[in-house]
Amino acid sequence: MESPENLHGPAVGVGQDATPTTVDVDTAVFLLGAGVTTLTHPLLYVKLLIQVGHEPLPPTVGTTMFGRRVLYLPGFFSYAQHIVKVDGKRGLLRGLSPRIVSSAISTVVRSKVKQQVDVLFKNGEQQNSLRKVVKEWDAQLYGQDFQGGRSCWILCQCLCVCSGLIPHVLGEVLFLWCCNLLAHFINTYAVDESLSQASAVRSYTKFVMGIAVSVLTYPFMLVADLMVVNNCGLAAGLPPLSPVFSSWLHCWNHLSNKGHLFRGSSFFFRRVPLTSIED
């Protein structure tokens with residue numbers, strides 16, 4: 001007669017040897033990404049509305065810390081409350097489906113690319129080099145979502161999309177180049193090898209530089225988004241709400257003259273530009 005230990009032994013062994021498959025990992029990553037996308041979608045939705053210049057609420061008079069009177073535009077919470085009042089709670093989730101689909105495509109493509117890297121490059125040095133390249137670019141090339149709920153009809157507006165491609169690519173290239181260059185110089189010349197936490201500091205350098213550089217490259221992303229909706233049939237992209245831009249440089253100059261190059265970069269403490277007040 002077999003002892004209880006023998007009866008339960010194989011079951012325990014199977015449980016210990018079981019490892020998650022690639023499909024399980026991809027599913028978990030997709031579900032996690034879908035959850036994060038759902039939570040952050042209202043932020044990006046409000047951001048896109050602000051970028052295109054949709055201001056349904058009037059500015060309020062306030063004062064700075066130095067006592068100067070200024071006009072403040074509604075922040076994220078006020079804007080979101082207005083959307084809920086007009087469209088209901090579902091209004092904050094408009095355009096969520098395309099973003100989740102984009103996230104799924106990003107997950108699948110990234111997984112397939114990494115699988116091909118593991119198969120084709122067995123040499124450790126080559127594999128690490130290519131993995132580094134993939135890690136830098138896959139999120140940029142395949143992880144671009146339909147920001148702010150760009151509905152499917154935008155895909156049909158090929159000319160409008162292409163008109164915003166140049167500033168988008170320039171912004172991405174400038175971001176990657178500046179981020180990596182600054183991180184390299186800081187890790188090479190500013191971080192002392194004698195520091196006990198030198199490796200930990202280096203691991204966070206690129207992340208911090210990414211935040212700083214993203215502020216500088218934001219105007220490129222703003223111009224790219226505006227060129228997508230410009231003259232595409234939406235009221236926000238047509239006069240009198242917006243002029244019809246002949247090129248992305250025309251759009252850049254218009255935003256610069258109005259003091260709107262960083263419109264939508266902040267969700268709180270949004271001031272009315274001085275040029276708008278003077279107008």
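Me: What's the handedness of the crossing where α7 passes α9?
Reply: Left-handed. Keep in mind that this is a predicted model.

Me: What's the angle between helix α7 and helix α9, and how far apart are their axes?
Reply: They pack at about 160°. The axes are 8 Å apart. Helix α7 covers residues 165–190, and helix α9 covers residues 218–229.

Me: Roughly parallel or roughly antiparallel, then?
Reply: Roughly antiparallel, because an angle over 145 degrees counts as that.

Me: Which residues meet in that packing?
Reply: From α7, Pro 167, His 168, Leu 170, Gly 171, Glu 172 and Leu 174. From α9, Phe 220, Met 221, Val 223 and Ala 224.

Me: How do the residues of that contact divide into nonpolar, polar and charged?
Reply: Seven are nonpolar, two are polar and one is charged.

Me: Where does Pro 219 sit?
Reply: In helix α9.

Me: Buried or exposed?
Reply: Pro 219 has a relative accessible area of 4%, so it is buried.

Me: What does Pro 219 contact, leaving aside neighbours within four places in sequence?
Reply: Trp 252, Leu 261 and Phe 262.

Me: And what separates the C-alpha atoms of Pro 219 and Pro 167?
Reply: 8.9 Å. Along the chain, the two prolines are 52 residues apart.

Me: What does Thr 205 touch, not counting residues up to four places away?
Reply: Ala 183, Ile 186 and Asn 187.

Me: On to the strands. What order do they take in the sheet?
Reply: β1-β2-β3. The three strands form an open sheet, and the pairing is antiparallel.

Me: Which strands are at the edges?
Reply: β1 (60–63) and β3 (270–271). Each of these pairs on one side only.

Me: How many bridges join β2 to β3?
Reply: Two. Strand β2 spans residues 69–73 and runs antiparallel to β3.

Me: Which residue in β3 is the bridge partner of Tyr 72?
Reply: Arg 271.

Technical notes. Residues are numbered from 1 along each chain as its sequence is written. This is a predicted model: local features need pLDDT of at least 70, side-chain atom pairs count only at pLDDT 80 or more; totals for chains, interfaces and linings use all residues. Side-chain values use heavy atoms; hydrogens and water are left out. Axes are lines fitted to C-alpha atoms, for helices over the stretch in contact, and angles run from 0 to 180 degrees between N-to-C directions. Helices (H or I, at least four residues) and strands (E, at least two) are DSSP runs, numbered from the N terminus. Angles under 35 degrees count as roughly parallel, over 145 as roughly antiparallel, 65 to 115 as roughly perpendicular and the rest as oblique. A crossing is left-handed if the near helix is turned anticlockwise from the far one by less than a right angle, and right-handed if clockwise. Contact means heavy atoms within 4.5 Å. Ala, Val, Leu, Ile, Met, Phe, Trp, Tyr, Cys and Pro count as nonpolar, Asp, Glu, Lys and Arg as charged, and the others, Gly among them, as polar. Two strands pair if DSSP finds at least two bridges between them. Buried means under 20% relative accessible area, exposed over 50%, partly exposed in between (1.4 Å probe, protein chains only).
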